[in-house]
Amino acid sequence: MTTTHLFKPLSLGRLSLSHRVVMPPLTRMRATEQTYTANPMMARYYGQRATPGGFIIGEASQISPDGRGVPCSPGIHTPEQIEGWKLVTDAVHAKGGHMFLQLWHMGRLSHPSHLDGALPVAPSAIAAQGEALTANYKREPFLTPRALATGEISGLIERYAQAARNAMAAGFDGVEIHSANGYLLEQFLQSRTNQRTDVYGGSIENRCRLVLEVTAAIAAVWGADRVGIRLSPYGIANDSGEAEPMPLYTHLIRELDQFGLAYLHLIEPRASGAGQREVDHQNVPSAAKLFRPMWRTKLIAAGNFRGDSAEAMLADSDADAIAFGRLFISNPDLPERLRTGTPLTPYNRATFYSKGPEGYVDYTKADGSAA
Ligand SMILES: Cc1cc2nc3c(=O)[nH]c(=O)nc-3n(C[C@H](O)[C@H](O)[C@H](O)COP(=O)(O)O)c2cc1C
């Protein structure tokens with residue numbers, strides 16, 4: 001395989017990337033228990049995957065306690081969490097890498113065990129199908145969430161803005177807004193989960209309003225060219241999915257385009273299960289191909305890419321950079337392996353969300369040496 005495109009430099013907002021092999025956000029549940037802080041083991045993991053001029057998007061991190069819903073996933077709302085993340089950003093910067101943080105609120109996919117007994121909040125009181133992971137690592141059916149009152153929305157937006165300020169204090173180079181995979185912002189976008197009758201529900205314009213207001217608030221903190229957003233228009237992860245995605249996402253992407261964000265990060269339909277389960281390619285075209293004509297800045301595509309399919313995507317100018325999720329887990333030196341055509345180490349799904357260093361910081365470089 002010739003890698004003529006993956007290793008061309010790229011300007012991404014204010015960043016100058018030396019290659020286009022991006023590490024997307026990957027929840028790994030290795031943050032410190034109770035405090036939800038990033039820690040030295042996480043700094044080691046991210047540092048292992050950093051390259052000079054490379055781009056890493058840090059795993060989904062709660063903007064506030066009410067956004068929580070996974071044990072040992074990190075937050076970005078306390079002073080300790082800011083300090084914890086500094087270990088990570090220092091490790092990535094020491095290698096010459098760049099790093100954004102993904103800002104997250106789980107909405108209806110949480111469980112009271114993470115919320116001091118309170119119900120999860122959501123656009124509407126509609127329970128997701130499936131099971132939540134409780135704070136004690138048990139699986140329990142999702143509960144019917146509490147619909148946010150209109151008067152609570154401005155506070156929610158301010159919590160996103162504060163998380164963005166905290167990410168700056170933690171040394172990140174920017175932030176990515178998580179508006180994909182069935183979590184709170186996507187719950188507002190999609191009609192199955194948003195049946196509100198106020199200005200945040202009903203029409204497509206109204207369902208997009210919160211995402212656009214959150215984007216504006218975060219862009220005011222960072223400058224739009226240090227903000228990206230992640231969408232999964234054809235996603236079905238976590239009981240999400242819009243019956244007719246095109247009208248909704250055409251409106252949303254055209255509106256987001258006005259901000260001049262650093263990038264749009266799209267998850268391809270063939271990865272609509274968000275990497276949690278194998279999903280057959282659905283009979284829909286590539287999301288990047290569909291939406292590229294509506295987007296003026298950079299586009300990152302994610303979802304089941306290998307070196308050759310990534311090259312083809314870039315060669316066709318359907319994306320500017322490619323994110324490799326599961327392969328980055330098991331190949332800490334992934335960019336170098338793709339550049340040299342070195343065989344890749346398969347990932348072990350059993351350790352995606354386990355505890356401790358196994359399957360986390362013990363994957364080696366191609367030559368078998370420690371990463
Ligand atoms: C273990 C694991 C954790 C993930 N965590 C996140 C996350 O925190 N935020 C997010 O937007 N996507 C998350 N995803 C989705 C990935 O970023 C990516 O879109 C997906 O794995 C498809 O890409 P791949 O086929 O290259 O793995 C996760 C996927 C996996 C496998």
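Analyst: What follows describes the helix, then the ligand, then the cysteines. The model is predicted, and every value given here is computed from its atoms. Helix H3 runs over residues 153–169, and its 17 residues reach 25 Å from the first C-alpha to the last, close to the 24 Å expected at 1.5 Å a residue. Along H3, the buried residues are Ile153, Leu156, Ile157, Tyr160, Ala161, Ala163, Ala164, Asn166 and Ala167. After H3 comes Gly171, which has a positive phi, near 95 degrees.

Turning to the ligand, 20 residues surround it, and the closest are Thr27, Arg230, Asn304, Gly325 and Arg326. Thr27 places a polar side-chain atom 2.6 Å from an oxygen atom of the ligand, whereas for His178 the distance from a polar side-chain atom to a ligand oxygen atom is 3.3 Å. In Gly325 it is a backbone N or O atom that lies 2.7 Å from an oxygen atom of the ligand. Taken alone, the ligand exposes 600 Å², of which the protein buries 96%.

As for the cysteines, Cys72 has a relative accessible area of 6% and is therefore buried, and Cys208, at 0% relative accessibility, likewise counts as buried because the cut-off is under 20%. With a disulfide taken as a pair of cysteine sulfur atoms within 2.5 Å, the count comes to 0 disulfides.

Key: Residues are numbered from 1 along each chain as its sequence is written. This is a predicted model: local features need pLDDT of at least 70, side-chain atom pairs count only at pLDDT 80 or more; totals for chains, interfaces and linings use all residues. Side-chain values use heavy atoms; hydrogens and water are left out. Buried means under 20% relative accessible area, exposed over 50%, partly exposed in between (1.4 Å probe, protein chains only). Helices (H or I, at least four residues) and strands (E, at least two) are DSSP runs, numbered from the N terminus. The expected span of a helix is 1.5 Å times one less than its number of residues. A residue is near a molecule or strand if one of its heavy atoms lies within 4 Å of it. A polar contact is a pair of N or O atoms within 3.5 Å; within protein, one must be able to donate a hydrogen and the other to accept it, and residues adjacent in sequence count only if both atoms are side-chain atoms. Accessible areas come from the Shrake-Rupley method with a 1.4 Å probe; for residues, only the protein chains shown count as cover.
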